[in-house]
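Dear colleague,

Here is the structure I said I would pass on. Please look it over first; my notes come after it.

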Amino acid sequence: MSYFPYLAAGWILLAGLYGLVTSRNLVQAVGCLAVAQSSTYVLLLAIGYRGNGATAPVFSDLPTDAPVVDPVVQALVLTDIVVGATVTALLLSLVIQLRKRHGTVDPEDLTGLRG
Amino acid sequence: MSRTTRLGLFLTAATILAAALITAATELPGFGGSRHPYGERAVAAGLARRTANIVTSVNFDQRAFDTLGEESILFGSVLGAGMLLRLARDERKRRAAAEPVLPTTRLFGATLLPVTLLVGGYLVAHGQLSPGGGFQGGVAVATALHLAYVAADYLVLKRVRPLAVLDVADAIAAGSYAALGLIGLAQGAGYLANTLPLGTFNQLSSSGLVAVINAAVGVEVASGVVVLLAHFLDQAVEIVPRGERQ
């Protein structure tokens with residue numbers, strides 16, 4: 001099946017979303033968000049992959065007409081990883097503050113607003 | 001909403017989403033095919049600007065303006081985490097204690113710290129030539145400093161990491177990316193256009209503006225990650241609620 005890798009990306013996305021919906025712990029929920037996001041890496045890299053011996057798009061030791069995989073999607077994955085990592089850090093610091101102010105990281109127990 | 005309704009709602013939505021994804025996947029060009037129109041154009045454009053690493057060329061030349069936005073997200077997140085994790089009114093700092101470490105672990109850290117720093121610096125400097133670049137190399141440099149924490153303790157990490165300098169370096173590097181774009185404007189091309197001398201292909205001085213932006217991003221990522229981790233480590237090691245005994 002030539003579109004199996006795309007379906008794998010879809011499966012990872014759904015698994016991450018399932019974790020987000022059912023999680024009883026916000027740290028775990030942030031982890032699930034990272035899983036859901038990693039599906040985009042799989043999808044992008046699968047789209048950029050090229051058979052027939054194509055290699056990384058770096059020409060420092062390659063002839064300039066060598067077949068290479070798609071560099072555009074690789075650059076997008078790089079963007080994705082950087083943004084994902086920093087947003088995860090921001091969310092985790094929010095969780096730390098929640099734990100301090102409300103004494104819990106279970107989203108079901110967070111009912112009222114507090115300054 | 002109860003847990004069962006929420007799960008039911010999710011399963012319904014997930015089924016529809018899965019059906020849509022499967023339909024979309026079957027319409028995509030097959031996996032590993034040879035038709036990559038964007039890739040081919042990006043490779044041609046990167047080689048024309050004498051950049052050996054096409055991924056870096058895409059990030060810092062062909063879509064440099066997008067990367068400016070991404071780099072601002074990085075800066076904003078570091079700033080946001082710093083704001084969220086600052087010392088609250090009902091908290092105080094305690095002195096971190098020295099921790100016992102195995103001599104072999106200490107030796108490991110002392111040996112690998114300079115090596116990892118060098119590797120990170122190499123990755124940043126050769127971003128336009130070999131796999132790597134500002135983002136990856138910056139993370140490697142930041143990791144190198146934290147070997148001091150792994151192989152010794154928090155006090156040693158505090159000594160090897162000049163936090164005040166890195167705070168400023170983060171902001172200056174983030175701002176300098178935006179400022180570097182003005183070179184293109186000054187030369188009558190466009191914001192962030194690559195108008196610097198392109199140099200010789202596959203040499204350290206190749207690719208014009210790409211190498212400079214790459215270095216700025218390397219500094220920003222390295223200092224940003226160290227500052228970010230510093231806030232988290234402070235929470236774990238130093239900050240305690242006021243009135244609590246150690």
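Predicted model: local features only at pLDDT ≥ 70, side-chain atom pairs only at ≥ 80, totals over all residues.

Chain A

The UniProt entry, which is unreviewed, annotates residues 6-23, 30-51 and 71-96 of chain A as "transmembrane region". I checked two of these spans against the coordinates. Residues 30-51 of chain A are 86% helix and 0% strand, with 35 Å between the end C-alpha atoms. Residues 71-96 of chain A are 100% helix and 0% strand, and there the end C-alpha atoms are 38 Å apart.

A:Gly10 sits in helix α1, residues 4-22. Its relative accessibility is 10%, so A:Gly10 counts as buried, the limit being under 20%. The C-alpha atoms of A:Gly10 and A:Leu43 are 8.0 Å apart in space, while the two residues are 33 apart in sequence.

A:Asn52 is found in the loop between α2 (26-48) and α3 (71-102) of chain A. Its phi is near 55 degrees, a positive value in a residue that is not glycine. With 74% relative accessibility, A:Asn52 counts as exposed.

A:His102 belongs to helix α3 of chain A. A relative accessibility of 23% makes A:His102 partly exposed. From A:His102 to A:Leu113 the C-alpha distance is 9.6 Å, over a sequence separation of 11 residues.

Between the chains

Helix α1 of chain A packs with helix α1 of chain B (residues 3-27): the axes are 10 Å apart and the angle is about 165 degrees. An angle over 145 degrees counts as roughly antiparallel, and α1(A) and α1(B) are therefore roughly antiparallel to each other. Their crossing is right-handed.

Chain B: the annotated domain

For chain B, UniProt lists residues 108-226 as "domain: Na+/H+ antiporter MnhB subunit-related protein", again from an unreviewed entry. In the model this span is 71% helix and 0% strand. The end C-alpha atoms of residues 108-226 of chain B lie 21 Å apart.

Does the length of α9(B) agree or disagree with what its residue count should span? It agrees: at 1.5 Å a residue, the 29 residues should span 42 Å, and the end C-alpha atoms are 42 Å apart. Of those 29 residues, 21 are buried, so α9(B) is largely enclosed by the rest of the structure.

α9(B) packs with α8(B) at an angle of about 150 degrees, the axes being 8 Å apart. That makes the two helices roughly antiparallel. The crossing of α8(B) past α9(B) is left-handed.

B:Asn202 lies in the loop between α8 and α9 of chain B. Although B:Asn202 is not a glycine, its phi is positive, at about 70 degrees. The relative accessible area of B:Asn202 is 27%, which means that the residue is partly exposed.

Aromatic pairs

How many aromatic pairs does the structure hold over all chains? There are five, and I describe two of them here.

B:Phe60 is in helix α3 (residues 54-62) of chain B and B:Phe135 in helix α6 (residues 134-151) of chain B, so the pair ties together parts 75 residues apart in sequence. Both B:Phe60 and B:Phe135 are buried.

Another pair, B:Phe65 with B:Tyr191, is edge-to-face, with 6.1 Å centre to centre and 85 degrees between the planes. This pair also links distant parts of the chain, 126 residues apart: B:Phe65 is in helix α4 (residues 64-84) of chain B, and B:Tyr191 is in the loop between α8 (163-186) and α9 (209-237) of chain B. Are these two residues buried or exposed? B:Phe65 counts as exposed, because its relative accessibility is 55%. B:Tyr191 is partly exposed, with a relative accessible area of 31%.

Regards

Notes: Residues numbered from 1 in each chain as written. Chains lettered and ligands numbered in written order. Heavy atoms only, no water. UniProt positions renumbered as here; feature names shortened; annotations may be inferred. Helix = DSSP H or I, 4+ residues; strand = E, 2+ residues; numbered from the N terminus. Phe/Tyr/Trp six-rings, centres within 6.5 Å; stacked < 30°, edge-to-face > 60°. Buried < 20%, exposed > 50% of the residue type's maximum accessible area, 1.4 Å probe, protein only. Expected span 1.5 Å × (residues − 1). Axes fitted to C-alpha atoms, helices over the stretch in contact; angles between N-to-C directions. Parallel < 35°, antiparallel > 145°, perpendicular 65-115°, else oblique. Left-handed = near helix turned anticlockwise from the far one by under 90°.
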